[in-house]
Amino acid sequence: MLRSLLRPFLNCKPCPQFDAGIAKSNFEILVSFCTSPVMAKSKFEYVRNFETDDTCLRNCYIVVRLDGRNFHKFADQHNFAKPNDDRALGLMTRSARSVMEELEDIVIAYGQSDEYSFVFKRSSNWFKRRASKLMTHVASQFSSSYVFYWRDYFGEQPLLYPPGFDGRVVLYPSNRNLRDYLSWRQADCHINNLYNTVFWSLVLKGGLSTVQAEDRLKGTVAGDKNEILFSEFNINYNNEPLHHRKGTALIWEKIDETTTKQIKVSNEEKEVTVTRSRKRVTAHHCDIIGDQFWNEHPEILEDDNC
């Protein structure tokens, strides 16, 4: 059909009174019209009406949280160290950094164990704020990065099967809500890590079975766990690595990079030092529940009155 519509234009001769470009111009217009999306409609297009509107409410922080799917089995089959495997934690953070570098509207990401939360700024309009688009892009970028960078952290140890991550999208309308969310995740990091540190000390150093260790810790509070670590294993929990106890917060920061260049001055080559400021994703293993972190990085949060 397109060929028959174009035939008159293909066979036309230049008009002697006008420039020969008229025929060419008409040809381009017709081709554009015939191949435009307007002509692509069909009787099946009604199925688009079944799509639901999942646009995130404006003026809210968009948080996408990923969790490893069935990661206890994944960790066992890949021989992760207990209670924390620094290779696995490093790979999680590298994958999260890859997501932030791809989506610059993420102002902060927080991770611990097999989870990471990504916070999009309030004014973000990535993917027109569609929750499904944001979640699937974050999940796919993170998962593919996890596989891509596996050898950087695990060397020749093979990846036996692809890891899976599920995701969810939650909106937080105020700075207080967002800070409370991140505080909740860091408190969860502390609770889980303290338990796991005691549990695996009882198993690996104390000779208990996993069932016996679980029974031993039933009904204990934080003070009891700290006492077991110190009195039985000479471990001061406060001296454990910060990234185990506090998790990892990733933010954008300006970093000065210094390089040397060779330039010619009066036919002589000279070496000069050049300093440039670039935005980089940096990792922080610190308390994010108190005010100090937020006072030091006020650019993360937007004005509540915006």
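The structure is a predicted model, in which local features need pLDDT of at least 70, side-chain atom pairs count only at pLDDT 80 or more, and totals for chains, interfaces and linings use all residues. Residues are numbered from 1 along each chain as its sequence is written, and side-chain values use heavy atoms, with hydrogens and water left out.

The protein contains eleven helices and six strands; helices (H or I, at least four residues) and strands (E, at least two) are DSSP runs, numbered from the N terminus. Of its 306 residues, 36% count as buried, where buried means under 20% relative accessible area, exposed over 50%, and partly exposed in between (1.4 Å probe, protein chains only). Contact means heavy atoms within 4.5 Å. Among the contacts with a separation of 6 or more, 70% come from residues 24 or more positions apart.

Helix α7 (residues 175–204) packs with helix α9 (residues 222–233) at an angle of about 35°, and their axes are 10 Å apart. Axes are lines fitted to C-alpha atoms, for helices over the stretch in contact, and angles run from 0 to 180 degrees between N-to-C directions. The α7 and α9 crossing is left-handed, a term that applies if the near helix is turned anticlockwise from the far one by less than a right angle, whereas clockwise is right-handed. On the α7 side, the residues in contact are Leu194, Tyr195, Thr197, Val198, Ser201 and Leu202. They meet Ala222, Lys225, Asn226, Ile228, Leu229, Glu232 and Phe233 of α9. By class, this contact of α7 with α9 comprises eight nonpolar, three polar and two charged residues. Ala, Val, Leu, Ile, Met, Phe, Trp, Tyr, Cys and Pro count as nonpolar, Asp, Glu, Lys and Arg as charged, and the others, Gly among them, as polar.

Helix α9 has twelve residues and reaches 16 Å from its first C-alpha to its last, close to the 16 Å expected at 1.5 Å a residue; the expected span is 1.5 Å times one less than the number of residues. Lys225, Ile228, Leu229 and Phe233 are the buried residues of α9. Seen down the axis of α9, these buried residues fall within an arc of 95°, so they line one face of the helix; the arc is that of the directions from the helix axis to the C-beta atoms. An α-helix has 3.6 residues a turn, so residues three or four places apart point the same way. The buried residues of α9 pack against α7 and α8 (210–217). Just after α9, Asn234 takes a positive phi of about 55°.

Other backbone features lie in loops. Most residues other than glycine have a negative phi, and most peptide bonds are trans. Asn70, in the loop between β1 (61–68) and α3, has a positive phi near 55° and is partly exposed, with a relative accessible area of 47%. Arg129, in the loop between β3 (115–120) and α5 (131–148), has a positive phi near 60° but is buried at 1% relative accessibility. The peptide bond from Lys82 to Pro83 is cis, with omega near 0°, and Pro83 is found in the loop between α3 (71–77) and α4 (86–102).

Helix α7 also includes Ala187, which is partly exposed with a relative accessible area of 30%. Ala187 and Ile289 are 102 residues apart in sequence and 8.4 Å apart in space, C-alpha to C-alpha.
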